[in-house]
Amino acid sequence: MDKLIDSPWFVRITALALTLLIFFTVKSETSTDNNTTTTSDRQSEIIHDVPVKVLYDNENLIVSGVPQTVDVSIEGPYALVLSKKAIKDYQVYLDLSKATIGKHKVKFKYKGFSDKLKVRIEPEAVNVSIEEKVTRTFKVEPDFNESQLASNYFVKSMYANPNEVTVTGAKSVVDSIVYVKAMLSGQFSATQSFTKEAEVKVLDRDMNKLDVTVKPATVPVKVDIGEYNKEVPISLNVKDSPKNGSKVKSLNTDINYITLFGSKKDLEKITTFPVDVDVTKLKKSGDVIVNLPKPTGVTKLSVNQLKVHVSLDESITTDQQKGENTIEQDETSNTSIKTLENVKVQIRNLDTKQYTIDENADHYVSVVITGDQQKLSNVKKSDIQLYVDADNVTEGVNTLKIVGSSPSGTTWKATPSTIKLKVKQLS
């Protein structure tokens, strides 16, 4: 029974029977609606959205300008009109099989309608363009918006595999191709490299999508992701003094630069990485292991510890160090003299965006303080502010004069009175 109902002949016979029944029932009536006009035994109907078939050499040509559907108006005997509307065994087409390359105005044709029906197609004709079909190979450019990555990350590289596609279309359209992009879409917030299938889009100069066939239509795109980082020079600073009173001659480490990871905004503010080396436990020259703290905005360091070799001037004894606190009388001027060793000289006004210090930036000098004995008794190394002005340095070794200040009512003299500062211009 199901097979009988599904048979196209059963449907046709049923439709015809219904048509005849309607014909004899309402033959004498006249009705009008949006698409139907009936007078006596004649009927008119508009069949909407009838598909259009195009006959042409689709192996070598491309046809454009043809609408996908048209409206067909039919008029004739009541039974024929209703049966034709119910049984869609007709066809509307454009015959371009003998048309040449170029632009043409072509009338629609039809078949499957009875000679007793008056058939009119809307539109009656259409302007079409016939062009040569061409196929070319294009390189695919991966396209990905970095704002879809997690904070602090950036795209190191990305590539499509395969990195070429074939594009087929009308010659004028293919000639207008400017961009062939494999465009990744969706929400990622990625923190590691990934591969994802991307749709290939073919665009003209104004980024309009073009009507062409692309093979393959999608390609896998590999995106290599990295975390923002910056390499900066390490600056070693002496913290406190050795217990035996020795003087720190130099600080050295195997690495001069460290790589910082973090947000681009925070890394741009960092030009050097200061490391404070605590030498209070040293009695002689040796190595100190320093745990490196992470500056604000830095998520990771290339190294977390630093081994610093500290070289001491062990010729300075504890007794000699104590001599710094002794006050001598200058008999020629009735003033007192106090000598302070290992007074640090600061580096000021160095343009860290243009230069970096190409050696250990820590400089210490001996300072002789002259003044009233009572005032000198309270003077400490921290009361002496010494520095050099590095505002006008040039790349290489610069000899800079030491300037500074001491407590009111005293004068000072540094030995040596200058330091040599070696700087390197940033590339």
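Let's start at one side chain: Tyr110 is partly exposed, with a relative accessible area of 38%. Here buried means under 20% relative accessible area, exposed over 50%, and partly exposed in between, using a 1.4 Å probe and protein chains only. Everything described here comes from a predicted model, in which local features need pLDDT of at least 70 and side-chain atom pairs count only at pLDDT 80 or more, while totals for chains, interfaces and linings use all residues. Residues are numbered from 1 along each chain as its sequence is written, and side-chain values use heavy atoms, with hydrogens and water left out.

Now look at the rings around this tyrosine. Tyr110, Tyr90 and Phe113 form one aromatic cluster. Rings of Phe, Tyr and Trp (for Trp, its six-membered ring) pair if their centres lie within 6.5 Å; planes under 30 degrees apart count as stacked, over 60 as edge-to-face, and the rest as tilted. A search of the whole structure finds four aromatic pairs. One of them joins Tyr110 and Phe113 edge-to-face, at 5.6 Å centre to centre and with 80 degrees between the planes. Phe113 is buried, at a relative accessible area of 10%.

Another edge-to-face pair is made by Phe144 and Phe194, whose ring centres are 5.9 Å apart and whose planes stand at 70 degrees. Phe144 lies in the loop between strand E10 (141–143) and E11, and Phe194 in strand E14 (residues 194–203), so this pair ties together parts that are 50 residues apart in sequence. Strand and helix names follow DSSP runs, numbered from the N terminus: helices are H or I with at least four residues, and strands are E with at least two. Both partners count as buried, Phe144 at 10% relative accessibility and Phe194 with a relative accessible area of 16%.

A charge sits over a ring if NZ of Lys or CZ of Arg is within 6 Å of the ring centre and within 35 degrees of the ring normal. Lys300 lies over the face of Phe261, 4.6 Å from the ring centre. Over the ring of Tyr387 sits the charged end of Arg348, at 3.9 Å from its centre.

Let's step back to the whole chain. The protein chain has seven helices and 32 strands. Of its 427 residues, 36% are buried. Its accessible surface comes to about 25,900 Å², of which 48% belongs to carbon and sulfur atoms; accessible areas come from the Shrake-Rupley method with a 1.4 Å probe, and for residues only the protein chains shown count as cover. A contact means heavy atoms within 4.5 Å. Among the contacts in the chain with a separation of 6 or more, 68% are between residues 24 or more positions apart.

Leaving aside residues up to four places away in sequence, Val128 touches Val63, Ser64, Gly65, Val66, Leu94, Leu96, Gly102, Lys103, His104 and Val106. The C-alpha atoms of Val128 and Lys105 are separated by 6.3 Å, although these residues are 23 residues apart along the chain.

Next, a sheet. Three strands make an open sheet in the order E18-E23-E21, with antiparallel pairing. Its edge strands are E18 (247–253) and E21 (286–291), each of which pairs on one side only. From one strand to the next, the twist averages 35 degrees, with axes taken as lines fitted to C-alpha atoms (for helices, over the stretch in contact) and angles running from 0 to 180 degrees between N-to-C directions. Two strands pair if DSSP finds at least two bridges between them; E21 and E23 (residues 305–313) pair over six bridges. Asn291 stands opposite Gln305 in E23.

Finally, the backbone. Most residues other than glycine have a negative phi, and most peptide bonds are trans. The bond from Asn161 to Pro162 is cis, with omega near 10 degrees, and Pro162 lies in the loop between strand E11 (153–160) and strand E12 (164–170). Lys215 and Pro216 are also joined by a cis peptide bond, with omega about -5 degrees; Pro216 is found in the loop between strand E15 (213–215) and strand E16 (218–227). Asn342 has a positive phi, near 55 degrees; this residue is in strand E25 (residues 335–348) and counts as buried at 11% relative accessibility. Asn349 has a positive phi near 65 degrees and lies in the loop between E25 and strand E26 (355–357).
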